[in-house]
Amino acid sequence: MKNTAPVTISHLENMKRQGENIAMLTCYDATFASAMDQAGVDIILIGDSMGMVVQGRSSTVGVSVEEIAYHTACVACGVDRTFVLADMPFGSYHDEATAMENAVDLLAAGGVMVKLEGAGPMIPIVDYLTSRGVPVCAHLGLTPQSVNQLGGFKVQAREEEDARQLLEDAQAMQQAGAQMLVLECVPAELGRKVSEQLEMPVIGIGAGAACDGQVLVMHDMLGLGRRVPKFVANFMQGSDSIGAAFEKYVSDVRSGSFPAKEHEY
């Protein structure tokens, strides 16, 4: 019998403890959200990836809080069970007061948790938010909002010192109160170390199979992406419907068959 109880952060933490892989996808509207909910997707991320896959921009930088809030409300209307995670877009959390105001807007729209990118000056921001009741997901590794600063979309923390710093940043984020981490485009061995050393769930995207869960951009996993990264698989291949593709994704993440070695760095 399919579990219809709403997914909570406690549920996700328990999945990590029990070694049950977590399946996350991006989504931006009620119809696709409902299909994901029925397929058993654990977390829906209303990602600022919409800037690229929905709005046609070259990066995520131009997405606004109002746009994320609108799409979060749409997604929230389409789910009964799935955990709703809302991205905080570029420029929306540069100081404590701004971060709090924008996080409240996203939670009011239907988000259960907000996600922000980076460490360093973001650590006290996370502490400020979480101490005031805002659930936070951190995002380290390749941080798309900083793509111009990073010199493009490329694998991060390949060098030993960079890997050490990323692990320290992840631990600092957890200490500041973050309850989940998205880890993007890092070597698989680093993904394993981070997942093993943190208590909070670590959701990988191009970070190896040893993470506590996986996330992909919906358009990419349906074979619609214009630029397909190495870590993406096309789940429409062999599926007779979009709903079946979502179910295949959940099944493959749960079993550990996705990501495979060819999807790792």
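1. Basis. Because the model is predicted, local features need pLDDT of at least 70 and side-chain atom pairs count only at pLDDT 80 or more, while totals for chains, interfaces and linings use all residues. Residues are numbered from 1 along each chain as its sequence is written, and side-chain values use heavy atoms, with hydrogens and water left out.

2. Largest pocket. Its volume is about 650 Å³. A pocket here is an open set of points on a 1 Å grid over the protein atoms alone, with protein on both sides within 12 Å along at least five of seven lines; lining residues have an atom within 4 Å of a point. Grid points are joined across faces, edges and corners, and the volume is the space filled by probe spheres set on the points. The lining has 34 residues, and Ser49, Met52, Val53, Val217 and Asp220 lie nearest the centre of the pocket. Two or more lining residues come from each of helix H3 (50-53), strand S4 (113-117), strand S6 (180-184), strand S8 (213-216) and helix H10 (218-221). Helices (H or I, at least four residues) and strands (E, at least two) are DSSP runs numbered from the N terminus.

3. Ala, Val, Leu, Ile, Met, Phe, Trp, Tyr, Cys and Pro count as nonpolar, Asp, Glu, Lys and Arg as charged, and the others, Gly among them, as polar.

4. Cavity. A cavity is a set of points where a 1.4 Å probe fits but cannot get out. The count comes to one cavity of 30 Å³ or more, and the largest cavity has a volume of about 50 Å³. Its lining includes Gly204, Gln214, Phe231, Phe258, Pro259 and His263. Strand S7 (202-205) and S8 each give two or more residues to this lining, with the largest share, three residues, from S8. The lining has seven nonpolar, five polar and no charged residues.

5. Cysteines. A search of the whole structure finds zero disulfides (pairs of cysteine sulfur atoms within 2.5 Å). For Cys137 the nearest cysteine sulfur, that of Cys211, is 12 Å away.

6. Helix H6. In H6 (residues 122-130), the buried residues are Met122, Ile123, Ile125, Val126 and Leu129. They lie on the same side of H6, because they cover an arc of only 160° around the axis, taken from the directions from the helix axis to the C-beta atoms. These buried residues pack (heavy atoms within 4.5 Å) against helix H5 (96-109), S4, strand S5 (136-141) and helix H8 (160-175).

7. Backbone. Most residues other than glycine have a negative phi, and most peptide bonds are trans. The bond from Phe258 to Pro259 is cis, with omega near 0°; Pro259 sits in the segment after helix H11 (242-255). Ala157, in the loop between helix H7 (147-150) and H8, has a positive phi near 60° and is buried at 12% relative accessibility. Cys185 has a positive phi of about 50° and is placed in the loop between S6 and helix H9 (188-197).

How values were computed. Buried means under 20% relative accessible area, exposed over 50%, partly exposed in between (1.4 Å probe, protein chains only).
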